[in-house]
Amino acid sequence: MHAILAGIPQSLRPAVLIASTCALLLLATALLLPRAPPAPPLTTSPASDSDAAAAVRLDARVTRRSGNEVLWQLPPPSTPLRASLFAAPGCTIRATDFFDASPGCPRCAGLPEERRFTRAALSRGYAVLAVSSRAECWSLDAGGGEEGSELAAVESIIKWWTTEEFPQLAGLPIVGIGASSGGYFLSALAARVRFSSVVVMIAEGVYGAMADIPAGYPPALFVHMPKDAERAGLVADSLVKLKAKRVDVREIRCDEFAVSAEFLAERVPGLTRTVADALVDVLRRKVFVDEKGFLKKDGRSTLWKKAAEEAKVLPEGFNLERHVNEELNVAYAYHEFTSLKNTEIFEWFESHMNH
């Protein structure tokens, strides 16, 4: 300070000291002010992608092969085929959750995140194949009883679908996405099926149990939620192991954000803005969220439906509990399938299709 003041005329030094002190006080005040919570992430892709996805009508076809339920849909005829996409749902989630109810699949449930992902894929020219696990979660056993292992079964299903059922898919790239249990399954399946790239969501994969990463293993993108610190550490370990084998890898982290009525009403088909406003009000009054709007527990552990029923804000015949739970889980950001990173996911797929 003395060195700085030495170059300033004596008469101006008091004013300089006062100005400097005020500036430091303003800086300290700014640093101490509470920061606003992060806003919910943008929920739409660039306009052209968003409009194209919104125009896609989901109408899956359903069959069973080797003990697994199999659903698929091809892109609209006006959209050139780009690739085949295999999707492995997590525990308790079924292939029917990736598609809306339709004449081709009356039982389909269309969970918000899965259906958004499927519509985006179809709009970009991906033929979508979703397969349900035989049990609640996927099995990685080599045996599998009379029907064989699920790994062998799904490998056979993908081959049948891309060669026999739809020969026009032969020769096109095949990509894969799996979430939670489906992520572990996909990471093992990728050692058997020639995917051009894969996305392992909210899972670290089975790389720690692999004796060796096979040559030609596909590029792997990890999409996870670092609030789950233990899994984040395991994902980091998987990244190191894959990089050591010269596999192209990347991670995307999904952080929590405050719940808003706008987010719920936009994401959950059939949920009106009025009901969404009422649900968020219930979350606040019951202190299910903190003062910034962040959930204190995940959606399935939050008794929001009971509270909403007591407050008489739900319409008669309300059947969107699973759908709202999913969106609350996305906001809580601990363990949930998310389509908020669709743009980055499809860019990952497409950046590796010609390699």
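User: Which residues is Glu-327 in contact with, leaving aside its neighbours within four places in sequence?
Analyst: This is a predicted model, where local features need pLDDT of at least 70 and side-chain atom pairs count only at pLDDT 80 or more, while totals for chains, interfaces and linings use all residues. Residues are numbered from 1 along each chain as its sequence is written, and side-chain values use heavy atoms, with hydrogens and water left out. Contact means heavy atoms within 4.5 Å. On that basis, the partners of Glu-327 are Pro-112, Glu-113, Phe-263, Leu-264, Arg-267 and Val-268.

User: Is Glu-327 buried or exposed?
Analyst: Glu-327 sits in helix α11, residues 321-332. Helices (H or I, at least four residues) and strands (E, at least two) are DSSP runs, numbered from the N terminus. Buried means under 20% relative accessible area, exposed over 50%, and partly exposed in between, with a 1.4 Å probe and protein chains only. Glu-327 has 0% relative accessibility, so Glu-327 counts as buried.

User: How are α4 and α11 oriented to each other?
Analyst: The axes of α4 (residues 112-123) and α11 come within 8 Å and cross at roughly 80°. Axes are lines fitted to C-alpha atoms, for helices over the stretch in contact, and angles run from 0 to 180 degrees between N-to-C directions. Angles under 35 degrees count as roughly parallel, over 145 as roughly antiparallel, 65 to 115 as roughly perpendicular and the rest as oblique. The two helices, α4 and α11, are therefore roughly perpendicular.

User: Which residues of α4 and α11 make the contact?
Analyst: Glu-327 belongs to α11. On the α11 side, the contact involves His-323, Glu-326, Glu-327 and Val-330. On the α4 side, it involves Pro-112, Glu-113 and Glu-114.

User: How many residues of β6 are buried?
Analyst: Strand β6 covers residues 197-201. Ser-197, Val-199 and Met-201 point one way, and Val-198 and Val-200 point the other way. Residues on both sides are buried. The count for β6 is five of five.

User: In which sense do β5 and β6 pair?
Analyst: Two strands pair if DSSP finds at least two bridges between them. Strand β5 (residues 174-179) and β6 have five bridges. Ala-179 stands opposite Met-201 in β6. The sense is parallel.

User: What is the hand of the crossover from β5 to β6?
Analyst: The chain leaves β5, passes through helix α6 (residues 181-189) and reaches β6. A crossover is right-handed if, with the strands pointing away from the viewer, the path from the first strand over the helix to the second runs clockwise. This β-α-β crossover is right-handed.

User: Which residue in β7 is the bridge partner of Val-199?
Analyst: β6 also pairs with strand β7 (residues 220-224), in the parallel sense over four bridges. The bridge partner of Val-199 there is Leu-221.

User: What is phi of Ile-202 near?
Analyst: Ile-202 lies in the loop between β6 and β7. With a relative accessible area of 5%, Ile-202 is buried. Its phi is positive, in a residue other than glycine, and is near 40°.

User: What average pLDDT does the protein chain have?
Analyst: pLDDT is the predictor's confidence in each residue, from 0 to 100. In the chain, 84% of the residues score at least 70. Over residues 1-9 the pLDDT is below 50. The chain average is 89.
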